[in-house]
Amino acid sequence: LGILDESVMAVHMTQLTDEEIEKFAKTGASVVHCPASNLKLASGFCPVGKLTKAGVNVALGTDGAASNNSLDMFSEMRLASLLAKGVASDAECMPALDSLRMATINGAKALGIADKIGSLEVGKFADMIIVDTTSVNMIPMYDVLSHLVYCNERSNVTDVWVQGNQLMEKRRLCTIDVAKVKKQCQKNFEKLKQVIAAK
């Protein structure tokens with residue numbers, strides 16, 4: 001169809017042939033890998049190892065809440081790395097650094113805004129987090145990258161900044177009324193139950 005180019009983000013890609021992988025590599029199109037969703041829906045396995053070896057930009061996603069539930073990027077990083085090893089039958093496939101890149105700079109590249117986000121550099125948006133490395137699940141720490149991917153959990157994140165604005169401080173959300181959001185979620189859920197029951 002001739003639709004593949006650098007602006008294309010193809011999500012899931014669990015049924016790719018070697019010929020199609022070659023086309024992605026030649027055109028600069030990106031693949032967004034959503035491992036938890038693919039497993040939950042039993043939709044197949046994205047050949048991440050083959051894609052990265054071919055030079056395809058692979059980013060990491062969660063898909064929607066209906067097929068993922070947690071929307072946890074740390075879980076996705078760990079799962080992506082482990083799944084890639086299993087699919088490729090190669091324990092060296094998808095090392096921790098590659099998973100971290102998929103969750104950060106590769107996503108920025110897929111969106112076409114790697115000059116603004118995806119890494120901490122002068123001139124880019126100040127998007128960053130602080131991870132509590134003293135948590136029980138993080139010690140002893142032999143390798144920072146390995147721990148971020150294989151040991152870390154979202155509950156270890158203590159502070160968050162987006163474009164330099166602090167959105168979470170010491171695990172407290174700064175811009176969201178959590179009680180209000182919980183109440184509205186429950187209200188919406190009750191309405192949804194009524195709609196479903198009426199069908």
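The model is predicted, so local features need pLDDT of at least 70 and side-chain atom pairs count only at pLDDT 80 or more, while totals for chains, interfaces and linings use all residues. Residues are numbered from 1 along each chain as its sequence is written, and side-chain values use heavy atoms, with hydrogens and water left out.

The protein has 8 helices and 7 strands. These are DSSP runs numbered from the N terminus (helices: H or I, at least four residues; strands: E, at least two). Along the principal axes, the C-alpha atoms fill a box of roughly 55 × 50 × 35 Å. Of the 199 residues in the protein, 32% are buried. Buried means under 20% relative accessible area, exposed means over 50%, and partly exposed lies in between (1.4 Å probe, protein chains only).

The largest pocket holds about 1100 Å³ of space. Elements giving two or more residues to its lining are β3 (57-60), α4 (73-88), α5 (96-103), α6 (105-111), β4 (128-131) and β5 (157-162). A pocket is an open set of points on a 1 Å grid over the protein atoms alone, where a 1.4 Å probe fits, with protein on both sides within 12 Å along at least five of seven lines; lining residues have an atom within 4 Å of a point. Grid points are joined across faces, edges and corners, and the volume is the space filled by probe spheres set on them.

The lining of the largest pocket comprises 34 residues. Ala-103, Thr-104, Asp-127, Met-128 and Ile-129 lie nearest the pocket centre. By class, the lining has 26 nonpolar, 5 polar and 3 charged residues. Here Ala, Val, Leu, Ile, Met, Phe, Trp, Tyr, Cys and Pro count as nonpolar, Asp, Glu, Lys and Arg as charged, and the others, Gly among them, as polar. Ile-129 belongs to strand β4. Ile-129 is partly exposed, at 43% relative accessible area.

The whole structure contains 8 salt bridges, each a side-chain nitrogen of Lys or Arg within 4 Å of a carboxyl oxygen of Asp or Glu. One of them joins Glu-22 and Lys-26, with the closest N and O atoms 3.1 Å apart. Both residues sit in helix α1 (residues 18-27), 4 residues apart, and so are separated by about one helical turn. Glu-22 is partly exposed at 43%; Lys-26 is exposed at 65%.

Glu-190 pairs with Lys-193 in another salt bridge, at 3.5 Å between the closest N and O atoms. These residues lie 3 apart in helix α8 (residues 178-198), about one turn of the helix. Glu-190 is partly exposed at 32%, and Lys-193 is partly exposed at 40%. A further salt bridge links Glu-121 to Lys-124, with a closest N and O distance of 3.2 Å. Glu-121 is partly exposed at 47%, whereas Lys-124 is buried at 14%.

Helix α8 also contains Val-181. Val-181 is partly exposed at 40%. Together with Leu-173, Ile-176 and Val-178, Val-181 makes a nonpolar surface patch of about 290 Å². Patches are made of residues with over 30% relative accessible area and no salt bridge; like charges are joined within 9 Å, and nonpolar side chains (Val, Leu, Ile, Met, Phe, Trp, Tyr) within 5 Å. Accessible areas come from the Shrake-Rupley method with a 1.4 Å probe; for residues, only the protein chains shown count as cover.
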